[in-house]
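This report describes how two protein chains meet and which local features stand out within them. Please keep the sequence and the structure in view while reading.

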Amino acid sequence: MSISLDEVRHVARLARLELDDSEVLALQGELNALLGHFADIQAIDVTGIEPQSHAVALHSVWADDFPIEGLAREAVLRNAPLSKAGLFVVPTIIED
Amino acid sequence: MLTRLTASELAAKLRAREVSAVEVAQAHLEAIRAHDGKIGAFLHVAEEKAMAQAAKADEALAKGEGGPLTGVPIAIKDNMSTLDIPTTAASKILEGYIPPYNATVVEKVEQAGMVMLGKTNLDEFAMGSSTETSAYQFTHNPWNLECSPGGSSGGSAAAVAGDLAPLSLGSDTGGSIRQPAGLCGVVGFKPTYGRVSRYGLIAFGSSLDQIGPFARSVEDAALLSSVISGHDHHDSTSLPHAPISTEGLKDGSLKGKRFGLPKEMFDPSIDAGVLESVHKAIDALKAEGAEFEEISIPEIRLGVTTYYIIAPAEASSNLARFDGVRYGPRHEGVGHVGTAEKTRAMGFGHEVKTRILIGTYTLSAGYYDAYYTRAQQVRSMMTAGFNREFARFDGIVTPTSPSPAFKIGSMNDDPMALKILDYCTIPANMGGFPAISLNCGLTEGLPVGIQIIGPALEDERVFQLAYCFEQVLGASPRPPTA
């Protein structure tokens with residue numbers, strides 16, 4: 001399998017990465033090289049093998065419900081690029 | 001010289017009050033000032049915090065209180081959150097970020113009375129095997145300053161090897177503790193997945209990431225592991241087990257112990273000098289009664305592919321949070337999406353972008369089953385292969401890295417050459433197994449690491465075996481002083 005320039009642009013859009021044309025071209029080459037290496041697992045018979053999603057078998061756990069103190073508002077907002085009246089100022093997400 | 005001792009030796013001097021924690025901290029801060037210009041291990045030196053913690057440690061020691069590592073300095077990889085101390089993951093996208101809380105491991109080393117010297121360099125978001133993808137600086141191998149210390153925890157490895165810190169913490173997603181430990185001639189340990197809390201660790205591959213120690217001896221690595229491990233309700237993948245115990249560490253014996261040697265990790269693709277050192281070590285261990293048998297786990301050969309599908313897939317999801325909204329620099333673009341796209345384009349380096357893209361691609365419609373599901377199936381097969389052998393052996397022994405330290409910049413032309421450096425370390429992450437690297441000799445003046453992998457939850461066994469190995473192979477060699 002190989003990836004086209006348009007697919008690189010599409011995936012970059014999905015990943016929220018702005019790329020210029022030279023980057024798209026360079027990344028196409030690198031991604032195709034990687035996909036070339038990935039061919040080795042395409043030949044393996046995996047019929048009936050359960051996919052392993054985690055390192056060790058984990059089960060959902062119920063945590064005891066006890067209150068803990070959260071972080072102070074000023075501590076949390078200290079890293080905000082922009083804040084106002086104790087809130088994060090974020091770019092408009094829904095435009096009319 | 002205080003900066004050349006093991007942590008246990010330092011701790012003994014501190015407890016005997018032969019030296020104060022303040023003096024020990026000062027000696028290390030001076031060493032960092034004098035030598036880190038050449039090594040580049042630290043991204044941030046936390047002098048004020050270190051001196052305050054040292055003074056506190058002295059108070060505890062004066063009262064006869066404190067644990068086995070009270071007053072001992074430590075360096076922390078810069079992908080672990082440290083309250084009021086900058087944390088960047090070596091990325092421009094987190095430039096200026098100051099965490100409002102401590103990672104659980106940082107909290108634990110503080111409670112143990114340890115003294116945090118500062119934050120160490122890494123590959124950006126821990127993505128790399130040479131510490132060259134850091135957005136800030138290169139780190140140089142104390143054995144040869146032209147060489148890489150390995151990665152991604154290269155700063156933590158170089159700090160311990162280069163007499164800047166007796167102990168450090170790294171994180172290991174595909175070998176990022178063990179590989180640089182091997183290349184710098186120190187001990188590096190990746191615990192069983194879930195024994196050490198990941199709370200406050202900036203996530204890379206969440207099903208693979210695990211925090212662990214760098215040290216100058218197996219005993220020191222075991223002591224630090226006992227400090228940082230244990231259940232943490234902040235991390236839902238944290239196992240409900242007791243902390244790693246150091247009891248019985250020195251009670252093991254090699255007599256009758258059986259080790260598997262996977263032939264896939266002893267083939268001609270491994271550097272000849274590395275193979276020679278590892279074989280010599282095996283002969284020495286045989287003379288002490290250990291038994292070795294060649295085995296085969298064919299899925300090992302698929303490990304690099306499996307890893308480079310699973311880890312970037314997880315990373316592409318984990319790194320979605322860096323969008324310029326809540327922290328980090330913000331670069332305005334057209335609308336919300338445009339701002340995220342521009343911020344991420346400016347903030348991430350090339351390697352990180354490549355991995356986000358490959359991860360997004362393999363998770364996208366039409367490719368998910370061919371890549372991601374299939375990689376998870378191969379992961380299952382590999383884990384089963386190791387577990388099959390663990391039923392017959394006390395441990396599996398391999399070289400830590402297919403090659404010794406290499407010149408900085410020498411791998412730039414072939415991105416795959418760097419990725420293959422994780423070949424021997426990836427399987428332990430896939431299966432969540434505990435694994436340790438310790439030194440087994442030098443090739444052309446550069447350290448060679450030998451790795452012991454054990455079954456999940458047998459961290460104590462791995463330490464006991466490694467301690468036996470160390471008795472035979474000798475203490476970690478030290479690079480010539482600068």
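Helices (H or I, at least four residues) and strands (E, at least two) are DSSP runs, numbered from the N terminus. With that numbering, A15(A) is found in the loop between helix 1 and helix 2 of chain A.

The structure is a predicted model, in which local features need pLDDT of at least 70 and side-chain atom pairs count only at pLDDT 80 or more, while totals for chains, interfaces and linings use all residues. Residues are numbered from 1 along each chain as its sequence is written, chains are lettered from A and ligands numbered from 1 in the order in which they are written, and side-chain values use heavy atoms, with hydrogens and water left out.

## The interface

How many residues of chain A are in contact with chain B? Contact means heavy atoms within 4.5 Å, and 53 residues of chain A are in contact with 64 residues of chain B. Together the two chains bury about 5,300 Å², of which 67% is on carbon and sulfur atoms. Buried area is the accessible area (1.4 Å probe) that two parts lose on being put together, summed over both.

Four salt bridges are found across the interface of chain A and chain B; a salt bridge is a side-chain nitrogen of Lys or Arg within 4 Å of a carboxyl oxygen of Asp or Glu. R13(A) and E341(B) form a salt bridge through their side chains, at 2.9 Å from N to O. On the side of chain A that touches chain B, the elements giving two or more residues are helix 1 (5-14), helix 2 (21-37) and helix 3 (39-42) of chain A. Helix 2 of chain A supplies the largest share of that side, seven residues.

A15(A) touches R344(B), I356(B), L357(B) and T360(B), not counting residues up to four places away in sequence. Is A15(A) buried or exposed? Buried means under 20% relative accessible area, exposed over 50%, and partly exposed in between (1.4 Å probe, protein chains only). A15(A) is buried because its relative accessible area is 7%.

## Cysteines

The structure holds zero disulfides over all chains, a disulfide being a pair of cysteine sulfur atoms within 2.5 Å. For C424(B), the closest cysteine sulfur, in C440(B), is 12 Å away and therefore too far for a bond. C468(B) is in no disulfide either, as the nearest cysteine sulfur, that of C440(B), lies 16 Å away.

Among the buried residues are G154(B), S156(B) and V160(B). The loop between strand 3 (115-120) and helix 5 of chain B contains S152(B), and a cis peptide bond with omega of about 10° joins G151(B) and S152(B). Most residues other than glycine have a negative phi, and most peptide bonds are trans.
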